[in-house]
Structures are given as C-alpha cells and as structure tokens.
Amino acid sequence: MDELYTDLRVIRTKEAIRNALVELIEAKGFEAITVKDIAAKARINRGTFYAHYVDKNDLMNKCQESILNGMRSIVTKKIPVAIESFTMNETPDFNAFTPAISIFEYLYDNRELMGALLGTRGDVTFQTKLKSLMWKILFEGNEISTFNKENLLVPGEYLVSYIASAHIGVIQQWLDGGSQESPLEMARILSTITLNGPIYAAGLKK
C-alpha cells in the first residue's frame, strides 16, 4: 500500500512539473524559464524537482522522449497493416488510415504539451527530432520500414524533409486552432493531401 501511494505521489508530482513547464513556456518561453520558476508554478520545492530531473533541459528532453516514444509505439503497431492495405488493394481501405487516426488521437490527448513543444516559444530542436523519427520509420524501421530507397524518384532526405515539414505544419495548424477537428477528420485531411498531393487537395486536379 505504501509503495502504491509513493508511486501515485511521484506520478502526480511529475504531472505537476510537466503542466508547470507547459504554462511557463506559453507565458515566457523556454529559454527564459528557470528551475525556480517551474518549482514555484508546480508548488514544490527545488529539491523535489532535482529528485526527478537534472535541470530544465533534462525535463524538456524527458517530455520530448515521452511524446516520441508514444508516437513510435503507435506507428510500430499500425504501419504494417496500413502498408498491406496500400499494396494489396487498388483503393486503400480503412486500415490504411488507422495510423493517422491513432496518431491524432494521441496528439489530442497530449495537445497542451505538443502545442508548447511545437510553438515558437518551445524548443526548436523538437522538430528535428520528429523528422529524425520519420526518417527511421520510413527507411530504417526494419520490419516496418515503408520505403525502399532503390524505388525513390527523388533523394530520400528531400522526400522525408518534405513529408515531415508538411505533417508538422498541419499538426501545428490544428493545435493552434484549438484542435477543433476530430482525429478522424484530421486523418482524412492529412491523407487527402499526402496521398493525392496539394494540387489535388486544392481542387485544381481531379
């Protein structure tokens, strides 16, 4: 019972610290934040903060790792089924879109943190980490890798940069707009642009 209480207390403390980080990023930007600010906002002492994190950069990295690991876990489970749908069917079925739906559901559950991380006052390196994750998924995922480099019509690094930047831009727009659209609708929007291209999405090509 004591261990359970201790675990719950640690979870609540980390949630308070993470929430404090998000609020402070939105208020003054990550670079201007101090550990003292975070501790005060989370209503803990600095000793409690240092019991869990080395410094504010360690906290930021842990938050980013949590998001990236969550996304990686979803893709690992969902991508194989989606790839099979694309390769086996002339018209992709619902399984082709489940990774995007699940990702947007995950992003919605973590929308405050994602908004802070991707915002202008967050950490600019996070976008680089997202692009790196996408590269590994597309080309280095072993059993779940999506593309064969030998079949590419353009250099892989440019393809990944285009796809990642476009996806991140759509996610940012969704978060900045208050996440009004459902994960299902966002999956439809992103899939329409990704699978058919912006010219088609703009209504200029049938």
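Colleague: What relative accessible area does Phe126 have?

Modeller: This is a predicted model, in which local features need pLDDT of at least 70 and side-chain atom pairs count only at pLDDT 80 or more, while totals for chains, interfaces and linings use all residues. Residues are numbered from 1 along each chain as its sequence is written, and side-chain values use heavy atoms, with hydrogens and water left out. Phe126 lies in helix α7, where helices (H or I, at least four residues) and strands (E, at least two) are DSSP runs numbered from the N terminus. With buried meaning under 20% relative accessible area, exposed over 50% and partly exposed in between (1.4 Å probe, protein chains only), Phe126 is buried, its relative accessible area being 0%.

Colleague: Which residues is Phe126 in contact with, leaving aside its neighbours within four places in sequence?

Modeller: Contact means heavy atoms within 4.5 Å. Glu65 is 61 residues from Phe126 in sequence and 9.7 Å from it in space, C-alpha to C-alpha. Once the neighbours within four places in sequence are left aside, the residues in contact with Phe126 are Gln64, Ile67, Leu68, Met114, Leu117 and Leu118.

Colleague: Which residues of α7 are buried?

Modeller: Helix α7 covers residues 125-139, and its 15 residues reach 21 Å from the first C-alpha to the last, close to the expected 21 Å; the expected span of a helix is 1.5 Å times one less than its number of residues. An α-helix has 3.6 residues a turn, so residues three or four places apart point the same way. The buried residues of α7 are Phe126, Leu130, Leu133, Met134, Ile137, Leu138 and Phe139.

Colleague: Which class of aromatic pair do Phe104 and Trp174 form?

Modeller: The structure holds four aromatic pairs, where rings of Phe, Tyr and Trp (its six-membered ring) pair if their centres lie within 6.5 Å, and planes under 30 degrees apart count as stacked, over 60 as edge-to-face and the rest as tilted. The pair of Phe104 in helix α5 and Trp174 in helix α8 links distant parts of the chain, 70 residues apart. Phe104 is buried at 1% relative accessibility, and Trp174 is buried too, with a relative accessible area of 2%. The ring centres of Phe104 and Trp174 are 5.1 Å apart and the planes stand at 85 degrees, so the pair is edge-to-face.

Colleague: What angle lies between the ring planes of Tyr108 and Trp174?

Modeller: Tyr108 in helix α5 and Trp174 in helix α8 are 66 residues apart, and their pair links distant parts of the chain. Tyr108 is partly exposed, with a relative accessible area of 32%. The pair of Tyr108 and Trp174 is tilted, with a centre to centre distance of 6.4 Å and an angle between the planes of 40 degrees.

Colleague: Which residues does Glu181 touch, not counting those up to four places away in sequence?

Modeller: Glu181 lies in the loop between α8 and α9. At 35% relative accessibility, Glu181 counts as partly exposed. Not counting residues up to four places away in sequence, Glu181 touches Trp174 and Met186.

Colleague: Which element gives the most to the lining of the second largest pocket?

Modeller: On a 1 Å grid over the protein atoms alone, a cavity is a set of points where a 1.4 Å probe fits but cannot get out, whereas a pocket is an open set with protein on both sides within 12 Å along at least five of seven lines, and lining residues have an atom within 4 Å of a point. The second largest pocket has a volume of about 220 Å³, grid points being joined across faces, edges and corners and a volume being the space filled by probe spheres set on the points. Of the 13 residues that line it, the closest to its centre are Arg111, Gly115, Ala116, Leu175 and Asp176. Two or more lining residues come from each of α6 (111-118) and α8 (156-176), and the element that gives the most, with five residues, is α6.
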